[in-house]
Amino acid sequence: SLPVTRGAEIHFILLFSRQGKLRLQKWYTTLPDKEKKKIIREIVQIILSRNQKTSSFVDWKDLKLVYKRYASLYFCCAIEDQDNELLTLEVVHRYVELLDRYFGNVCELDIIFNFEKAYFILDEFIIGGEVQETSKKTAVKAIEESDMLQETVEEYMNKPAF
């Protein structure tokens with residue numbers, strides 16, 4: 001029988017700009033806000049100070065940071081030390097593809113002004129630190145259905161009550 005390949009257990013995902021501005025954060029580990037802020041500062045500094053030509057993997061405390069830069073944004077995941085970095089890079093890439101598909105060539109401003117959509121897409125894709133939906137089509141369809149529902153509710157709420 002084939003060995004069971006386990007996906008990466010993601011502890012948190014951070015999206016930040018080249019200027020170090022946090023654009024999105026998702027924690028799958030419970031930590032106090034003060035601790036999260038400290039971690040964010042530390043990780044942003046570590047990644048931004050790295051040479052562009054170095055690998056996208058950093059050993060950090062008892063975890064591993066896996067990151068990739070797309071245009072002006074860094075996407076960073078913290079995973080268990082023994083987890084598969086390449087699989088995690090694939091997860092990051094798939095999230096970017098989902099954002100691209102939804103926004104049509106996503107940019108930093110899309111995430112700033114539509115952060116709730118960026119979170120929604122992430123939540124359709126990853127639940128509790130594990131990848132749920134690998135099909136781009138299915139994930140995007142869920143997001144589009146949510147948008148349609150939201151529009152219907154808004155139309156209903158804007159109709160005059162007689």
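## Aromatic pairs, a helix face and a cavity

Lys-68 lies over the face of Tyr-70, at 5.3 Å from the ring centre; a charge sits over a ring if NZ of Lys or CZ of Arg is within 6 Å of the ring centre and within 35 degrees of the ring normal. The model is predicted, with local features needing pLDDT of at least 70 and side-chain atom pairs counting only at pLDDT 80 or more, while totals for chains, interfaces and linings use all residues. Residues are numbered from 1 along each chain as its sequence is written, and side-chain values use heavy atoms, with hydrogens and water left out.

Seven aromatic pairs are present in the structure. Rings of Phe, Tyr and Trp (its six-membered ring) pair if their centres lie within 6.5 Å; planes under 30 degrees apart count as stacked, over 60 as edge-to-face and the rest as tilted. Two of the pairs are set out below.

| Pair | Centre distance | Plane angle | Class |
|---|---|---|---|
| Phe-75 and Tyr-95 | 6.2 Å | 75 degrees | edge-to-face |
| Tyr-102 and Phe-103 | 5.0 Å | 85 degrees | edge-to-face |

The pair of Phe-75 and Tyr-95 links distant parts of the chain, 20 residues apart: Phe-75 belongs to strand β5 (residues 73-80) and Tyr-95 to helix α2 (residues 85-103). Helices (H or I, at least four residues) and strands (E, at least two) are DSSP runs, numbered from the N terminus.

Buried means under 20% relative accessible area, exposed over 50%, and partly exposed in between (1.4 Å probe, protein chains only). Phe-75, at 4% relative accessibility, is therefore buried, and Tyr-95 is buried at 3%. In the other tabulated pair, Phe-103 is buried at 18%, whereas Tyr-102, at 22%, is partly exposed. Elsewhere, ring pairs join Phe-12, Trp-27 and Trp-60 into a cluster.

Helix α4 (residues 115-125) has as its buried residues Lys-117, Ala-118, Ile-121, Leu-122 and Phe-125. Viewed down the axis of α4, these fall within an arc of 140 degrees, so they line one face of the helix; the arc is that of the directions from the helix axis to the C-beta atoms.

The largest cavity is lined by Ile-13, Phe-75, Cys-77, Val-91, Val-92, Tyr-95, Leu-122 and Ile-126. On a 1 Å grid over the protein atoms alone, a cavity is a set of points where a 1.4 Å probe fits but cannot get out, and lining residues have an atom within 4 Å of a point. Helix α2 gives the largest share of this lining, three residues.

Definitions and conventions: On a 1 Å grid over the protein atoms alone, a cavity is a set of points where a 1.4 Å probe fits but cannot get out, and a pocket is an open set with protein on both sides within 12 Å along at least five of seven lines; lining residues have an atom within 4 Å of a point.
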